[in-house]
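Let's take a friendly walk through this structure, stopping at a few places along the chain. Have the 3D view open as you read.

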Amino acid sequence: MHRLLEAIFEFQARDLIDVDGRPCGEQASRHFDADNTQLIACPHAGARHGKPMNASALQPLTQVWRELVGTVSALVGEGGTHGVTVHGAYQAAMACTAAPLIFQIQHPDQTIPRTLSALFKAALGFSQTLSFLLLADDGVADAPLSELGDEAQFLTYLENQQWLVGQSQVCAGSPAMIGQLFAAFSGQSPGGRLATDFPPGRVWIDAVVALIGLQMTYLLILNTRAAQGQSMQGARHAHWQTQPHAPWLRTVAMQPGRTPAHATRLFPSGCVIEPVMQMIANDAQEWDGIESIFTQAVHQQLALIN
Amino acid sequence: MQRRTFSFASLALMATGAGHSAQLADNPFEAIWTHRIEAGVLIVELALTNRSKKTVFVKSDNAFNLPNTMQVSVGTGRTRGDTMARVIRYEYVNLVLLPTQSPVIQSRVMPLSPYRGVAAGAMVNLGQYRFTVPEEFSKSQMAAYARVQTAKGELTFQTTLN
């Protein structure tokens, strides 16, 4: 598989080292250094109170906080008539999580700038929550994010759904920081500018979102067939299918009753990319057909990035 | 066309407790659970036996083909212990530790041949599932949940682990 494709699908951005010597993905990375990390008891109220929190990761993030919020604001823009949609916010979150990888391709001899590492960390939770929201129902992609609720209701949602508590650490962001980022993702913090180091252009962002959409579609079809006990002969057996690290892939299997058609929910109405529609239409056929559409489509998107 | 409206509350993770499972009225199986803790790892084993002791033929067109999908989850039993269903890969089973922290606290993929050892017999061994249980759960009453998808519906089984 193409190296970049593998890096995106296997979520390898988490292993990239930033200028502070920290892996972008912190504990999720193979390069996480526990000896160089200060864990404190989470001071924030709610389910995460008292649980281990990574204070070392938070410190550099606060240093570039304004730049970080400004970048998110610039990415989402002002949105349409009713504001930034859930899909628009999701697209921005995916751009933030992919930015370190794209930067590394464009600057192979440089370490990841602090701003991009911080963006990755800050947007990671949003990428998971927003992809979960998209998959939850038809039409969510077109809904303005601010229509779902305000900052306080978003925090309540995160708390009630236990999104802030991880396997061994909790989210380190304060309620105020999460609220500010939510405002930025929903287009309520206008006037932001992209960070200097943020990879320029939007073509790569569209390509990354398309690639992730294809990946999730593939997994939805695979999982649906598996649930029906159908043969998987001819399907690829990549690591991301059985041990998905990417937060967006976790949302695919997080709720019962997912079907391949749910992949269309990842896109605004009328904007579902053609290969996704073709894969869904072929989901009852032999794997060779799905594999062929998938392979061709991902290479088309990769060509746009390169 | 009028656009639908949503809220965070309406899109919250679906609670799939009562009403989710289409329990077979004539559930022919009985679950046999065993569990133990070894070096901090909770090991849950599950086997099914058919009550009639008749042979269970496992074929794709059999009413009780086992198990196309399989979920075993462990939770405290205090809240929504069986909230999450995991899609099961062919010959693999996804394991989830639930429920009082993040939606996915632990997820494991272990090999499980849907038809292995089930060709004919009164008992179906559905394998061994390992969970690393957070310390704060160790004093709680814990429960294990299993869902088995059959051609006619879904069977659910539950046991307490204390």
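Predicted model: local features only at pLDDT ≥ 70, side-chain atom pairs only at ≥ 80, totals over all residues.

Contact here means heavy atoms within 4.5 Å. Setting aside its neighbours within four places in sequence, Ser29(A) is in contact with Arg14(A), Asp15(A) and Pro23(A). You will find Ser29(A) in the loop that runs between α1 (3–9) and β1 (39–41) of chain A.

Two of those partners also meet the side chain of Ser29(A) through polar atoms. With Asp15(A), the link is between side chains, a polar contact of 2.8 Å. With Arg14(A), the side chain of Ser29(A) reaches the backbone oxygen, at 3.4 Å. Is this serine buried or exposed? Ser29(A) has 7% relative accessibility, and because buried means under 20%, Ser29(A) counts as buried.

Next, move along to helix α12 of chain A, which covers residues 274–281. Which of its residues are buried? They are Pro275(A), Val276(A), Met279(A) and Ile280(A). Looking down the axis of α12(A), you would see these buried residues within an arc of 140°, so they line one face of the helix.

Ile290(A) counts as buried because its relative accessibility is 0%. For a sense of scale, compare Ile290(A) with Gln169(A): they sit 121 residues apart along the chain, and 38 Å separates their C-alpha atoms.

Definitions and conventions
Residues numbered from 1 in each chain as written. Chains lettered and ligands numbered in written order. Heavy atoms only, no water. Buried < 20%, exposed > 50% of the residue type's maximum accessible area, 1.4 Å probe, protein only. Helix = DSSP H or I, 4+ residues; strand = E, 2+ residues; numbered from the N terminus. Arc of directions from axis to C-beta. Polar contact = N/O pair within 3.5 Å; in protein donor to acceptor, adjacent residues only side chain to side chain.
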